[in-house]
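Thanks for coming. I will take one model today and go from the contact between its chains to the details inside them. Please have the sequence and the structure open.

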There are 2 protein chains.
Amino acid sequence: MNFTTFTETELRNFTYNVFKKIGCSDAHANLATDVLIKSDLRGIDSHGVARLSGYVRLWEKGRINATPKLKIVHETPTTATVDGDGGLGLIVAPFAMQVAIEKAEKYGSGWVSVKNSNHFGIASYHALMAIEKEMIGISMTNASPLVAPTYANERLLGTNPMCYAFPAGKYPPVIVDMATAAAANGKLEIAQRENKSVPTGWVQDADGNPSTNPNELKNGGSLLPLGSDKDHGSHKGFGLSATVDILSAVLSGANYGPWVPPFVAFLEPPTDPVGEGIGHFLGAMRVDGFRPAQDFKDHLDNWIERFKSAKTIDPAKKVIIPGEPEHNFEQERKISGIPIIDAVVKDLNELAAKLEIGGL
Amino acid sequence: MNFTTFTETELRNFTYNVFKKIGCSDAHANLATDVLIKSDLRGIDSHGVARLSGYVRLWEKGRINATPKLKIVHETPTTATVDGDGGLGLIVAPFAMQVAIEKAEKYGSGWVSVKNSNHFGIASYHALMAIEKEMIGISMTNASPLVAPTYANERLLGTNPMCYAFPAGKYPPVIVDMATAAAANGKLEIAQRENKSVPTGWVQDADGNPSTNPNELKNGGSLLPLGSDKDHGSHKGFGLSATVDILSAVLSGANYGPWVPPFVAFLEPPTDPVGEGIGHFLGAMRVDGFRPAQDFKDHLDNWIERFKSAKTIDPAKKVIIPGEPEHNFEQERKISGIPIIDAVVKDLNELAAKLEIGGL
């Protein structure tokens, strides 16, 4: 696949201009840009600038509000519900995480459920905000329905990611950031582009049969929960996905399950919503609420060293510490730039032409 | 397999007498009994009275303290670390959950990490304590190392369960209570007793090859994380297990990873501990810290109804709401009694003879 490499600054300027052009404030445009570029820097190409034109199409349809008034609609000292006013999840989720962090600063922990939001980018962006404050960060979101629960032949859940981030000492933070499906939709899209089949256990066809066709979702099929089938614990993947859905949406008053609005503009939201927009859940806990922060970091460093030095089946393949590959991508791409595949460059330049701003 | 059915009261009395005989206070004996019987009632036979003689063997070796002084060693308004003083996890975890609940009553949420504890029974017992207060309950524990992370050929993590419990309205609570391994050790034990093979993806042999032999752990093999292999997301199961390990032990000062002491008395604990005992993590959040409790319950009821009525591949197999099978077991066994397999009855009667108390 062909690609062009851009500097971080080039991509930031372009992205900022897009958000400004649709009416975002300076602060919101900068923040939304930071979330998307962080994703590209960290090698999660499916969640970075590749999504820009999708956000704009939703804005064109009136399904994203570029000038939302974010507010806390319910709270206790350590819990809150935030109404995102239909804004970009890219700015709603950091607002909510900031609320969680401020509560944690005062009381040890803070937990915020969010309604009336949209796609929030990579979960780890928000969890990392807590890391900077020596806190443990947690972030989750529900998502448009693509996944069939165990035994079902219907898409009832999103790939509903959950992220847990822990600050280490001399090593990068441990960041578990994972879709609760066996494989996220982005992996299927890669197989589609490369015209390859996918492993059994990622998708089922429209009749619920196992399939290796990456295009199965377009034919009425479904993604499968982490675990893939009952024998291998797909009910656990379903349970995790349900947990994300309940914390993000049943708790906040967002749409849940099959009522979550689609992320794509060409599909209409359900006409019988059970809540407002999509939902997120964000949390922060002070490490020194449990033990001195340095003790925690020293032991987490020891944990990391023990796992990194584990005996492996193939000596060439070491145990991968969660978050380490993304950290390495970020170090490297900050220096050598961010490769964007041609199809995405073309899409972004068409977007620029439509919005009458400079292209990439 | 042959079994004898006992009433709940018969099993309670027997279990209480065992705990009293090893020196537990009345209150602790009653509580530990309640945790074990709840497990048998809920059909989780591997975690109920079947574990009694194992606890006693650890007590005989001085590895369980029957008269612990439980204390909070560090805290903020909503976080705390509890030192279990080497006590039964069956009583340490409820103490810690009570601390979390009291903090949540005052501030909206409460979070407690626990060190110096032992096996805590079923995770859902502790999470259910929060449900009774209209709170969301969370409980996790690390466990003796049986699971190899992705690519590893070493047992570095326990089956480290996580549990999330949510109060519903007219339906039983939604309770996600799951080992983060592809299959818990109890499932292998069933296959061993029945002399059956297990599905590929549950275990690997001592060389790291896939295996269907349920005895592989005895031969130096390992359990596999949820997801089973890299293609199917075993790095996610590893990440979840790591999350449980870090929240339970790195945060509290308990042993983590391969340093977690074995649950069986015939294996000695590591001679180079990195902390004290095993660790747990418990949390409680008031539902009405986010929205009126009745609104949450009404929507969770709606969530349950939608998933229960999902279109399924086989019309005879409905989507199972997490926690529903255990709830049904409990209703039924409270009336018709609890079946205990002969091997366990024999083991318990030998235990009774050794302790010079009445048998079953």
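The contact takes 70 residues from chain A and 70 residues from chain B, where two residues are in contact if their C-beta atoms, placed from the backbone, lie within 7 Å. This is a predicted model: local features need pLDDT of at least 70 and side-chain atom pairs count only at pLDDT 80 or more, whereas totals for chains, interfaces and linings use all residues. Residues are numbered from 1 along each chain as its sequence is written, and chains are lettered from A and ligands numbered from 1 in the order in which they are written.

On the side of chain A that touches chain B, strand 3, strand 4, strand 6, strand 7, helix 7, strand 11 and helix 8 (293-308) of chain A each supply at least two residues. Helix 7 of chain A gives the most to that side, with 8 residues. Helices (H or I, at least four residues) and strands (E, at least two) are DSSP runs, numbered from the N terminus. By class, the residues on that side of chain A divide into 35 nonpolar, 26 polar and 9 charged. Here Ala, Val, Leu, Ile, Met, Phe, Trp, Tyr, Cys and Pro count as nonpolar, Asp, Glu, Lys and Arg as charged, and the others, Gly among them, as polar.

Now chain A as a whole. Its secondary structure comes to 10 helices and 12 strands. A compact globule of 360 residues would have a radius of gyration near 21 Å, and the 20 Å of chain A agrees with that; the radius is taken over C-alpha atoms, and the globule rule is 2.2 Å times the number of residues to the power 0.38. Along the principal axes, the C-alpha atoms of chain A fill a box of roughly 50 × 50 × 45 Å. Of the 360 residues in chain A, 58% are buried, meaning that 20 or more other C-beta atoms lie within 10 Å of the residue's own, with C-beta atoms placed from the backbone.

Next, the sheet. In chain A, an open sheet of 7 strands has the order 2-3-4-11-5-6-7, with mixed pairing; two strands pair if DSSP finds at least two bridges between them. Which strands stand at the edges? They are strand 2 (71-75) and strand 7 (174-178) of chain A, each with a single partner strand, so one side of each is left without a neighbour in the sheet. The twist averages 15 degrees from one strand to the next.

Strand 6 (residues 162-166) and strand 7 of chain A run antiparallel and are joined by 5 bridges. A:Ala165 stands opposite A:Ile175 in strand 7 of chain A. Helix 7 (residues 234-250) of chain A packs on the sheet, touching strand 4, strand 5, strand 6 and strand 11 of chain A, and its direction makes about 90 degrees with that of strand 11 of chain A. Axes are lines fitted to C-alpha atoms, for helices over the stretch in contact, and angles run from 0 to 180 degrees between N-to-C directions.

Last, chain B. All 9 of the 9 residues of helix 5 (residues 123-131) of chain B are buried, so this helix is largely enclosed by the rest of the structure. Its buried residues pack against elements of chain B including helix 2 (26-41), helix 4 (89-107) and strand 5 (135-141).

Notes. A residue is buried if 20 or more other C-beta atoms lie within 10 Å of its own, exposed if 12 or fewer, and partly exposed in between; C-beta atoms are placed from the backbone.
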